[in-house]
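Reader: I would like to learn how to read the features of a model like this one. Could we go through it together?
Author: Gladly; let us bring it up.

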Amino acid sequence: MIRRQHRRRAGLALLLVLPLAATSACGGGGGGTETEAGSGKGTITVWAHQGQAAEDKALQNAVKSFNSEQKDIKAELKLIPGNDYTKTITTTDPAELPDVLEFDGPTMANFVYNGKLAPADRYLSATTVANATEAVRRQGTFERKLYGLGMYDSGLGLYADKKLLDEAGVDYPTGLSDAWTAEEFTAALKKLAARDADKKVLDIQEGNGLATEWGTYGFAPMVWSAGGSLLRDGRAAGALDSPESVSALRTFQSWKGFVDPNTDGNAFAKGRVALSWVGHWMYPAYSEALGDDLTVLPLPDFGNGPKTGQGSWAWGIGAGSKNAKAAGTFLDHLLNDANIAAMTEANGAVPATRSALEQSKLYRDGGPLELFADQLARPCGSDPATITDDCVAVTRPVTAGYPVVTAEFGKALNAVYGGADPEAALKKAARAIDQDFSDNDGYRTQ
């Protein structure tokens, strides 16, 4: 259940299938059908992934309220099982896609490349776009065009059991400004392990699998924090296998002896470990289990400032829509504060608009998850040149070739965790990524 929720909430439902970049009926490179503005009236179709029951209800209520509050447009919602959703979009001809569709954030550039999505900014109100958080806008922007906005975002942190830390005499950060360095984090693990019978004091959600999207979302922040990157100027060589990236994964490898495999999913909630490396979605369970002993810390700083992954499900307009004007009107409604509040109350995610964040009991100033909002308020984007020590939230590479990037990074991370040499594993991954990009002409859209 925890793994299922995580994929849906944090944007991890991406199907790691290499043919994804070449399955469009109209071919790669951005060709295919184009939207028509239409009359702005009539019936529009809406596709979304089927999530938790509470999420589905929030979305259904949003559609119902839209249809009842005006008479010019009728939105018809179709929920598609989450495990099949991305594949369904991938294998559907652009002309057969709906007017409005939900998509997992990292798939956006690939869908644009394959002619599935149309630029949405021309059909959204300026108010809706301006109210979106900068991090969410960056996730939805490809080649300077906005293709999507989300109702919610995501973030990573270290959940800590203050009681166990205090008992071990471990000092811990109070926020981003005094995040542990990687060396201090390692020292904290050793100090905690000295008082622990089995020496296992850290949870990294190993059960989700490191060779999956969790591996990239959860642990690419180490690479960015070290000053490395997954891609630079469309190439992995010299970026993914840089000395900074290698050093980060070598440090990660050194932590394995402190990690509880967490096969039952309760390592942190049951007090077996003092620290859990995961995201906002675990707060409800952890808060219930630990109460006032729970605190949230930033991930360790490897030298380029602490970093977090970000990004989640987003909404856009199908490239073949004949009524994009009406689709934009629907999206303006969907992304209002009332609907975002209902959705984020249902799934506990970070609201994706400035105004909804200010009203959130969890994420507003002084809230228990304020750290996640603070991180997202300092977005880096995905360009290595902008990932400096001043920013925190990094968008996964916005490229049509993302499926191969994440697949190869995940395989390398998993191999390193299993004992492989970090430099060799990352060089192998970089070669595979660059070969795929070469085979696909760099995934250029023009």
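Reader: How do the residues of the lining of the largest pocket divide into nonpolar, polar and charged?
Author: First, the ground rules. This is a predicted model, where local features need pLDDT of at least 70 and side-chain atom pairs count only at pLDDT 80 or more, while totals for chains, interfaces and linings use all residues. Residues are numbered from 1 along each chain as its sequence is written, and side-chain values use heavy atoms, with hydrogens and water left out. Now the lining: 13 nonpolar, nine polar and seven charged residues. Here Ala, Val, Leu, Ile, Met, Phe, Trp, Tyr, Cys and Pro count as nonpolar, Asp, Glu, Lys and Arg as charged, and the others, Gly among them, as polar.

Reader: How much space lies in the largest pocket, and which residues are the closest to its centre?
Author: The general idea is that rolling a probe the size of a water molecule over the atoms shows where empty space is left. A pocket is an open set of points on a 1 Å grid over the protein atoms alone, where a 1.4 Å probe fits, with protein on both sides within 12 Å along at least five of seven lines; lining residues have an atom within 4 Å of a point. Its volume is the space filled by probe spheres set on the points, which are joined across faces, edges and corners. In this case the largest pocket holds about 710 Å³. Its lining has 29 residues, and Phe142, Gly234, Ser382, Val398 and Thr399 are the closest to the centre. Two or more lining residues come from each of β5 (141–142), β16 (393–395) and α17 (422–439).

Reader: How many helices and strands are there in the protein?
Author: Helices (H or I, at least four residues) and strands (E, at least two) are DSSP runs, numbered from the N terminus. The protein has 17 helices and 16 strands.

Reader: What is phi of Asp441?
Author: Phi of Asp441 is near 55°, again positive in a residue other than glycine. Asp441 belongs to the segment after α17 and, at 47% relative accessibility, counts as partly exposed.

Terms used: Buried < 20%, exposed > 50% of the residue type's maximum accessible area, 1.4 Å probe, protein only.
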